[in-house]
Amino acid sequence: MVRTWPTVWSERATPPRGSPVSWETTVSELEAPEASRQAGPRVGIVMGSDSDWPVLKEAAAALEEFSVPFEADVVSAHRMPEEMIAYGKQAACRGLSVIIAGAGGAAHLPGMLAAVTPLPVIGVPVPLKHLDGLDSLLSIVQMPSGVPVATVAVGNARNAGLLAVRILAATDADLQQQMVDFQATLKQTAQAKGEAVRRAASSAPRIGFA
């Protein structure tokens, strides 16, 4: 039987590797803020395996910084093809606006979801033991014309979360202002680092001819 997804926040967590699948298990790490549960998810974070969560949780953290409600789940392209297609087809009608999909190796999940949903899909190449994530990157980024996947750097799920925020901010004035404020903070941080370098350089002992 093919799973279907509810239209509210999912607290389902990934079962430990090798254990019977139980989608009712909850993990505090994946719990949503109260406001997020009430609002319903706007972003879906999916991955090929629970081993991808240490990377993908950075996307979740970025979304939480902007109070964007999200859901997280395991939808393997190779081990759960029917569920994967169902997730992609149902995503828009459930109220999601963006999908973040992370996978490693033969990373087909982002591309296959993009093939069955009208929503923007952001791909996160997950680095594995071999090839340092290059296989994941090429699997996700080399999409055929007509089926786009916005691919971030290998392992950079935080940027995937921030890109999802920017996509939502295009039609959300409050969220757009939050992003403007966030960018101003980045600028201030960079300026402070520059000041620190200039101070260090000016106080360093001079070597050589005056």
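Reader: At what angle do the axes of helix α2 and helix α6 cross, and within what distance do they come?

Author: The axes of α2 (residues 53-65) and α6 (residues 157-169) cross at roughly 35 degrees and come within 7 Å. Axes are lines fitted to C-alpha atoms, for helices over the stretch in contact, with angles from 0 to 180 degrees between N-to-C directions. Helices (H or I, at least four residues) and strands (E, at least two) are DSSP runs, numbered from the N terminus. This is a predicted model in which local features need pLDDT of at least 70 and side-chain atom pairs pLDDT 80 or more, while totals for chains, interfaces and linings use all residues. Residues are numbered from 1 along each chain as its sequence is written, and side-chain values use heavy atoms, without hydrogens and water.

Reader: What is the handedness of the crossing of α2 and α6?

Author: The α2 and α6 crossing is right-handed.

Reader: Which residues in α2 and α6 meet?

Author: From α2 come V55, L56, E58, A59, A62, L63 and E65; from α6, A157, R158, G161, L162, A164 and V165. Contact means heavy atoms within 4.5 Å.

Reader: Why does S67 count as exposed?

Author: S67 has a relative accessible area of 59%, so S67 is exposed. The classes are buried under 20%, exposed over 50% and partly exposed in between (1.4 Å probe, protein chains only). S67 lies in the loop between α2 and β2 (70-74) and has a positive phi of about 55 degrees, although it is not a glycine.

Reader: What is known of the phi of L131?

Author: L131 is not a glycine either, yet its phi is positive, about 70 degrees. L131 sits in the loop between β4 (121-126) and α5 and, at 57% relative accessibility, counts as exposed.

Reader: Is V152 buried or exposed?

Author: V152 has 10% relative accessibility, so V152 counts as buried. V152 lies in the loop between β5 (150-151) and α6. Leaving aside neighbours within four places in sequence, its contacts include I122, V124, L137 and A160.

Notes: Left-handed = near helix turned anticlockwise from the far one by under 90°.
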